[in-house]
Amino acid sequence: MTSMASTTWRMLSQRPKCEEPPRGLDALWHQAAGIAGRFSRSSGRFLRQADRIVAMETEFLHASDRRLRDAMAPLRDRFRLGRDTEEDRNLAFAIVREVAARAVGLRPYREQIAGAFSLEAGCVAEMATGEGKTLVATMPAVLAGWRGRGC
């Protein structure tokens, strides 16, 4: 047990090799890119997309389960072939939202849909405890499954 502890401490005490920080124009470029990255906000774009999904609610609210299944079949095929468009993704999110409301009794609200869009875009979405992260993950998880990818 003593040798394992001393090996761990020896490993932790070693300094990792770091790359040299950029200098000159490279440093200026990295600094400008960092500043610009802080000002570019995607949340507004994701919220606008979420508003479109919420507006589609009336289209599927009174649809039968069979109609929902029939609407999902061609979507699933397009996603499998990699021929999906933004309109297809919006339609898929709206259908998954309605299915969640029927299956679990919880309908994702606007901010949750925006979180789902951010996950779909490869961004990190931070949510507090109790805000429905599991429900948010269902929408991009379904699309990932249709594409044959893992989550």
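Predicted model: local features only at pLDDT ≥ 70, side-chain atom pairs only at ≥ 80, totals over all residues.
1. Now step back to the whole chain. How many helices and strands does the protein chain have? There are 8 helices and 0 strands, so a walk along the sequence reads α-α-α-α-α-α-α-α. The protein chain has 151 residues, and 26% of them count as buried. Look also at the contacts with a separation of 6 or more: residues 24 or more positions apart account for 65% of these.

2. Next, the inside. The largest nonpolar core is made of 23 residues. Ile-53, Phe-93, Ile-113 and Trp-146 are the ones with the most contacts inside this core. Two or more core residues come from each of α3 (43-55), α5 (65-81), α6 (86-103), α7 (110-120) and α8 (133-146). The largest share, 5 residues, belongs to α6. As background, nonpolar side chains tend to be buried together in soluble globular proteins.

3. Which residues does Phe-93 touch once its neighbours within four places in sequence are left aside? The contacts are Ile-53, Ile-113, Ala-116, Phe-117, Glu-120, Met-139, Pro-140 and Leu-143. Two of these partners, Ile-53 and Ile-113, are also listed with Phe-93 among the core residues with the most contacts.

4. Is Asp-88 buried or exposed? Its relative accessibility is 8%, and because buried means under 20%, Asp-88 counts as buried. Its side chain has a polar contact of 3.4 Å with the side chain of Arg-78. The Asp-88 side chain also reaches the backbone nitrogen of Thr-85, at 3.1 Å. Neighbours within four places in sequence aside, Asp-88 is in contact with Leu-75, Arg-78, Phe-79 and Arg-83.

5. The structure holds 1 cavity of 30 Å³ or more, and the volume of the largest cavity is about 30 Å³. Its lining is formed by Ile-53, Met-56, Glu-57, Phe-60, Ala-94, Arg-97, Glu-98 and Arg-107. Here α4 (57-61) and α6 are the elements that give two or more residues, with the largest share, 3 residues, coming from α6. What kinds of residue make up this lining? The division is 4 nonpolar, no polar and 4 charged.

6. Finally, return to the largest pocket, with a volume of about 300 Å³. It is lined by 15 residues, and those closest to its centre are Ser-43, Ala-114, Gly-115, Ser-118 and Ala-125. Which helix gives the most to this lining? That is α7, with 4 residues. By kind, the pocket lining divides into 8 nonpolar, 4 polar and 3 charged residues.

Note on methods:
Residues numbered from 1 in each chain as written. Heavy atoms only, no water. Core = buried A, V, L, I, M, F, W, Y, C linked by side-chain atoms within 4.5 Å. Buried < 20%, exposed > 50% of the residue type's maximum accessible area, 1.4 Å probe, protein only. Contact = heavy atoms within 4.5 Å. Polar contact = N/O pair within 3.5 Å; in protein donor to acceptor, adjacent residues only side chain to side chain. 1 Å grid on protein atoms, 1.4 Å probe; cavity = no way out; pocket = protein on both sides within 12 Å on 5 of 7 lines; lining within 4 Å. Points joined across faces, edges and corners; volume = space filled by probe spheres on them. Nonpolar A, V, L, I, M, F, W, Y, C, P; charged D, E, K, R; others polar.
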